[in-house]
Amino acid sequence: MFVQSSTVLMVFFFFATLFFFNVLNDSDRSFSQKLSLIFASIALGSDGYQANIIGAVESCLAKIYGSSVLTSTLSTRVSNAMLIGDIVGQIGFGFIIDRMGRKFGIVACTIFVCLGIILATASSGVTPTGLIWMLIIARGITGVGVGGEYPCSSVTAGEAAEESGRSRGFWLILSGNFIIDVGFVVATIVPVILLAICGEGALEVVWRLSIGLGLLLPLNVLYFRLKMLNSDMYQKEALTRKVPYLLIFKKYWPKLLVTGGIWFLYDFVSYSFGIFSDTILSVAVPGNSLMQTFCWNIVLNIFYPFGALAGGFVIDRLGRKTTMASGFFIQAVIGIIIGGVAPQLVTNVFPLFVILYGFFLFFGEFGPGDCTILVSAEMYPTAIRGTMYGLSAAIGKAGAAIGTQVFKPILQALTANTGDALKAQGYLFIIGSCIGILGGIITVFFIPNMTNDSMEKLDIEFREMLAENGYDINQLGFGDKTNQLESAKKGDDH
């Protein structure tokens, strides 16, 4: 019933929106900008959903096959498969959208996402281990598409917001981090509904449908992405031939070190504690059933989108630097509190532990969760924005992959040394808090406040750099030059 109802709603949404947009004049540039703002980043919800759903899927697989099949090593590979794919997609599609166009990249990564989800849902093998390995490979393919969503979606949405005169900070957060966090929440609700319908005797149906339902969003936005246009900024500033990468990296490596480094630190903490929330809860309350664990995850993840939304409302008032640094520092304080009193909280007032952990996640999204995406899109000129954004995001995902890789061994080692799993969990929060403090310090000293700065200023500086180094700036631009001039003239007339 749930699957049928969801399908009907999505189909209704698809055709209703299709009718609405076809009524409009597709040649109108403002229509394309609105389309970009709405559909460029909405599929980023797939990233949040696919990243978070794997926790529930692993719990189901562990119940079905046991630890003899789903070993700790294999479980970590299932968790990391999409993260590795993310890194490949972020770097690859970052280059693609700068060289081949925003539209080409955003359509191609949608196809990758759909293909990966279909393969993961249909995972099978001669042995259970073979099935899990197919799932790992399929998750990697999904990750390539989902990783591509980062540069493709955020860059496109940012340029659309800039050209339309809307608040760049608010709209990039709303169509970026907030959408990802909504995907996190949906990924905790779906397994609960499916488990309630199917019961623990049909866990295979639960995990396959949990993955497969994630196909609805990217599949339904594909049509509208085909209707999108490359931004005016890109058509004017694109650098598609004889790209002087050595000159570019010589000029922009300090910025990349900052945007990528802060993203690395945040994802190390965020993914380590977020993607393994099932593990955290099972350690905290080992007597909970699978359904109870899934339900607790809804409570935990509900803090994510509210944190992102709160950050979006204050980002243009407080500025990028203040918002990001305050999020880092407040999260660190909460993490230290949790780490210091974790055994007492879990034993005596477990709901308070959940609330504190939720606020730990809330302020992470409020500050660095919002701002890593925003500043990586704002600090680079149009011609290389996709490339540098993709590299920044890939460095961040590397932090996530490393964090998830070392999380379980660290927890096991701390548990063995202390003899107390809850105390070991507390130490992990303190470790994460120290990383957060480091991120806040780097933010204070190295992140510029670009709230009132125009992206056009960066493009002018980039052109001057190319000209000073003997590059023919007449080669800048994408597609037919005559069409670009006519498009620009129409824009001036309006």
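The following legends accompany close-up views of a predicted model.

View 1. R139 belongs to helix α6, which covers residues 128–164. The residue is buried but takes part in no salt bridge; E58, the nearest side chain of opposite charge, is 7.5 Å away. A polar atom of the R139 side chain does, however, lie 2.8 Å from the backbone oxygen of Q50. Apart from neighbours within four places in sequence, the residues in contact with R139 are Q50, A51, I53, I54, V78, A81 and M82.

**View 2. The salt bridge between D86 and K397.** The model holds 10 salt bridges. One of them joins D86 to K397, with 3.6 Å between the closest N and O atoms. This pair links distant parts of the chain, as D86 is in helix α4 (residues 72–99) and K397 is in helix α18 (residues 382–418), 311 residues apart. Both D86 and K397 are buried.

View 3. E159 and R385 form a salt bridge in which the closest N and O atoms are 2.9 Å apart. The pair links distant parts of the chain, with E159 in helix α6 and R385 in helix α18, 226 residues apart. Both E159 and R385 are buried. Together with D98 and R102, the two residues are linked in a network of salt bridges.

**View 4. The salt bridge between R463 and E237.** The side chains of R463 and E237 meet in a salt bridge, with an N to O distance of 2.9 Å. R463 lies in helix α20 (residues 455–468) and E237 in helix α11 (residues 232–237), so the pair ties together parts that are 226 residues apart in sequence. R463 has a relative accessible area of 22% and is therefore partly exposed, whereas E237, at 7% relative accessibility, counts as buried.

**View 5. Helix α9 within the structure.** The buried residues are L203, V206, W207, R208, S210, I211 and G212.

**View 6. A nonpolar surface patch involving α16 and α19.** F329, I336, I437, I441, V444, F445 and F446 make a nonpolar surface patch of about 640 Å². Helices α16 (320–348) and α19 (421–446) each supply at least two residues of the patch, and α19 gives the most, with 5 residues. I437, which is in helix α19, counts as partly exposed because its relative accessibility is 32%.

Conventions. Residues numbered from 1 in each chain as written. Predicted model: local features only at pLDDT ≥ 70, side-chain atom pairs only at ≥ 80, totals over all residues. Heavy atoms only, no water. Helix = DSSP H or I, 4+ residues; strand = E, 2+ residues; numbered from the N terminus. Buried < 20%, exposed > 50% of the residue type's maximum accessible area, 1.4 Å probe, protein only. Lys, Arg positive; Asp, Glu negative; His and termini not counted. Salt bridge = Lys/Arg side-chain N within 4 Å of Asp/Glu carboxyl O. Polar contact = N/O pair within 3.5 Å; in protein donor to acceptor, adjacent residues only side chain to side chain. Contact = heavy atoms within 4.5 Å. Patch = residues over 30% accessible without salt bridge, like charges linked within 9 Å, V, L, I, M, F, W, Y side chains within 5 Å. Areas by Shrake-Rupley, 256 points an atom, 1.4 Å probe, with all protein chains shown as cover.
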